[in-house]
Amino acid sequence: EAARDGKRWATFNPASVEDADWAMSLLARLDHAIDNGELWVAYQPQFDGQTKALIGAEALVRWTHPEKGQIYPDQFIGPAEQGGRIERLTYFVLDKALAVAGNVNRGGRHFTIAVNLSVPLLSSDKLVPTVERLLHKHKLAPELLTLEVTETSTLGSAEIQIANLEALSALGVQLSIDDYGTGFSTLEYLRRIPASEIKIDRSFISMLNKSQSDRIMVNSTIQLAHSLGRKVVAEGVENEEILQELQQMGCDIMQGYHLGRPMPWQDLLSRISEGEAF
Ligand code: C2E
Ligand code: CA
Ligand code: CA
Ligand code: CA
């Protein structure tokens with residue numbers, strides 16, 4: 001756990017703490033943490049499944065707490081959503097991620113950046129103008145931004161959510177359905193959400209080399225997505241065998257510890273400059 005990003009940090013473990021207390025104390029500190037520079041963004045590389053080239057990254061928020069050490073998003077995203085603090089956090093990450101992506105693409109590159117978008121934010125009328133403003137601020141072409149929304153039962157249930165997703169899509173932003181396969185992945189669902197991509201949940205990927213049923217599921221999901229004109233990203237690629245299986249299945253984009261852990265932007269930048277491929 002402490003070596004999750006390939007670095008050793010003291011990691012705070014809230015297991016012994018009452019959930020509610022934990023959430024409260026975190027929420028109380030979140031705004032301060034942003035002001036104080038305790039939040040930062042790690043980038044996990046993404047590779048083209050066929051050309052093997054490093055083609056983009058997913059932005060993942062990190063909180064380095066002065067006393068508690070490294071706190072992972074699993075521990076504060078949920079509370080932030082419930083406590084009405086997710087907006088500022090999301091736009092903080094988006095601003096940082098678009099800044100680095102804008103810079104790296106200045107030299108005529110085509111490097112994509114994926115940012116996670118909490119489902120509650122999809123009901124905000126500030127979402128689309130904010131995304132538009134930040135793209136403009138950092139001079140990033142909209143098609144280089146992918147917004148990942150987690151597949152849940154509530155996603156796409158409200159008119160405003162669909163309207164916002166369609167407006168983002170009309171801007172040229174790519175949409176990705178994250179954790180695909182864990183929720184309500186029906187054909188109807190794929191039709192309703194204007195996503196250009198699905199991201200198969202890592203629970204299906206991590207046992208791919210050992211489980212025949214997972215192999216069948218993933219393979220048929222890739223076929224289905226392709227037949228609907230969607231790209232497929234595999235997350236949680238943890239070893240060479242899985243990588244090769246996915247390549248044979250025609251998976252479009254690969255991401256996982258085997259190819260690179262989330263890392264500070266400077267580290268990723270040197271790998272981009274070296275023209276890394278797997
Ligand atoms: P996610 O979007 O599904 O992100 C993938 C998570 O899997 C990341 O954990 C990543 O570090 C981890 N991971 C990547 N490759 C591997 C692998 O090969 N094996 C294993 N076991 N894990 C791998 P992380 O960074 O702790 O993020 C957890 C979740 O927190 C994310 O899940 C996402 O739902 C949420 N999150 C992270 N950053 C943000 C953010 O900026 N905004 C929002 N709204 N949510 C965020
Ligand atoms: Ca994600
Ligand atoms: Ca995911
Ligand atoms: Ca997730």
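Predicted model: local features only at pLDDT ≥ 70, side-chain atom pairs only at ≥ 80, totals over all residues.
Colleague: Thanks! How should I read the numbering and the cut-offs?

Modeller: Residues count from 1 along each chain as its sequence is written, with chains lettered from A and ligands numbered from 1 in the order in which they are written. Local features need pLDDT of at least 70 and side-chain atom pairs pLDDT 80 or more, while totals for chains, interfaces and linings use all residues, and side-chain values use heavy atoms, leaving out hydrogens and water.

Colleague: How many helices and strands are there in the protein?

Modeller: The protein has ten helices and nine strands. These are DSSP runs numbered from the N terminus, with helices (H or I) of at least four residues and strands (E) of at least two. The radius of gyration is 18 Å, close to the 19 Å that the globule rule gives for 278 residues, so the protein is as compact as a globular protein of that length. That radius is taken over C-alpha atoms, and the rule is 2.2 Å times the number of residues to the power 0.38.

Colleague: On to the metals. Which residues are the protein donors of the calcium ion (ligand 2)?

Modeller: They are Glu58 (OE), Asn116 (OD1), Glu148 (OE) and Asp178 (OD), lying 2.1 to 2.3 Å from the ion. Donors are N, O and S atoms within 2.8 Å of the metal (3.2 Å for Na, K and Ca), and water is not among the atoms, so sites may look incomplete.

Colleague: Where do Glu58 and Asn116 lie?

Modeller: Glu58 lies in strand E2 (residues 54-65) and Asn116 in strand E4 (residues 112-117), so the pair ties together parts that are 58 residues apart in sequence.

Colleague: Are those two buried or exposed?

Modeller: Glu58 is buried, at a relative accessible area of 5%, whereas Asn116 is partly exposed, at 29%.

Colleague: And which residue coordinates both ligand 2 and ligand 3?

Modeller: Asp178 coordinates both of those calcium ions, which are 4.2 Å apart.

Methods:
Buried < 20%, exposed > 50% of the residue type's maximum accessible area, 1.4 Å probe, protein only.
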